[in-house]
Amino acid sequence: MQFYAGYGYHASNFEQTYRCYPASFFDKPHLEGGDKVIMPPSALDRLASLHIEYPMLFELHNGVTDRISHCGVLEFVAEEGMIIMPYWMMQNMLLQEGDIVRVKNATLPKGTYVKLQPHTTDFLDISNPKAILEKTLRNFSCLTTGDSIMVAYNNKQYYIDIVEAKPASAVSIIETDCEVDFAPPLDYKEPEKPQRPIVPAGKAPAEDQEVIVEDEPKFKPFTGSGKRLDGKGPKQPAPGASSATAAARSAPSDSNKRANQQTASPSGASTSTRQKTGKLVFGSSASSKKEAEAQKEPAKGSEPPKKEEPKFNAFTGKSYSLKR
């Protein structure tokens with residue numbers, strides 16, 4: 001083991017223990033929007049001598065609880081022996097302020113698939129959750145299965161679990177096309193199916209029973225009561241007047257009967273009916289005239305034939321002379 005500035009490092013890789021503190025202790029709230037930490041300057045010198053590949057990724061290990069996560073680095077300006085971390089990352093690793101955490105450099109494959117699960121359904125109520133998630137993940141270097149990342153939007157914090165990652169349990173998401181899938185939120189409840197009412201065995205279901213529908217009252221015109229303008233009560237009709245009026249309303253008039261007969265009968269019958277009523281009809285057919293003449297002639301055998309009266313012949317009388 002080699003020693004550098006009072007700290008022990010392995011010859012082939014970077015590995016060091018630090019005391020962790022949240023970003024709020026050093027007025028660096030911008031760390032909460034990503035997964036990057038701030039390390040001391042001595043760590044940068046050691047990493048440069050080892051020719052670590054970029055981007056620099058690290059494995060964080062809590063030896064007490066055996067929790068492991070991964071992160072990137074933002075700056076090397078922390079005090080020696082200290083590491084500044086986002087508070088949500090400390091919660092994932094069950095770390096308190098001043099606890100010891102082991103930091104080790106790591107090489108992670110590029111992610112191809114990630115499955116996420118929001119804690120609450122409120123995240124899905126955002127107008128465009130996909131765009132908000134894409135913007136937030138730009139500040140992340142890697143994702144680890146089992147971690148819960150924090151997405152801040154509209155003065156509210158949403159926590160999302162990393163359920164699955166491919167091709168490994170920890171992947172890098174820097175400059176890669178990664179497919180993202182969503183699992184139902186933790187507080188999601190499927191809508192309950194409506195339960196059918198239990199029908200006793202002796203009774204038939206409601207669908208088989210005949211439904212008796214009462215006939216709706218039909219509209220009857222002129223059935224209301226009238227009122228006079230002078231304030232006096234309406235005249236009471238005679239006892240038989242109401243029944244006579246109703247019979248008159250219900251019975252069709254002669255004119256209506258005559259119109260119905262004319263409509264139902266053929267053309268010849270309608271013409272003869274019109275001729276009987278004494279009205280002149282123009283344009284009647286020859287057949288209708290014949291039928292009219294046949295109706296005027298009496299039936300044979302019913303009455304004796306009448307003698308023909310002598311017709312008037314002009315200038316058929318005797319002449320007389322005035323001279324004798």
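Visitor: What makes the link between the side chains of Asp161 and Ser148 a polar contact?

Guide: The two side chains are joined at 2.4 Å. A polar contact is a pair of N or O atoms within 3.5 Å; within protein, one must be able to donate a hydrogen and the other to accept it, and residues adjacent in sequence count only if both atoms are side-chain atoms. So 2.4 Å meets the cut-off. This is a predicted model: local features need pLDDT of at least 70, side-chain atom pairs count only at pLDDT 80 or more, and totals for chains, interfaces and linings use all residues. Residues are numbered from 1 along each chain as its sequence is written, and side-chain values use heavy atoms, with hydrogens and water left out.

Visitor: Why does Asp161 have no salt bridge?

Guide: A salt bridge needs a side-chain nitrogen of Lys or Arg within 4 Å of a carboxyl oxygen of Asp or Glu. For Asp161, the nearest side chain of opposite charge is Arg67, 8.9 Å away.

Visitor: Why is Glu15 called buried, and what is Arg102 called?

Guide: Glu15 has 17% relative accessibility, so it counts as buried. Arg102 has 36% and counts as partly exposed.

Visitor: What makes Lys156 and Asp122 a salt bridge?

Guide: The closest N and O atoms are 3.3 Å apart. Lys156 sits in strand β12, Asp122 in the loop between β9 and α3, 34 residues apart. Lys156 is partly exposed at 38%. Asp122 is partly exposed at 32%.

Visitor: How do you know that Glu164 and Lys166 meet in a salt bridge?

Guide: The N to O distance is 3.9 Å, and the limit is 4 Å. The structure holds three salt bridges.

Note on methods: Buried < 20%, exposed > 50% of the residue type's maximum accessible area, 1.4 Å probe, protein only. Lys, Arg positive; Asp, Glu negative; His and termini not counted. Helix = DSSP H or I, 4+ residues; strand = E, 2+ residues; numbered from the N terminus.
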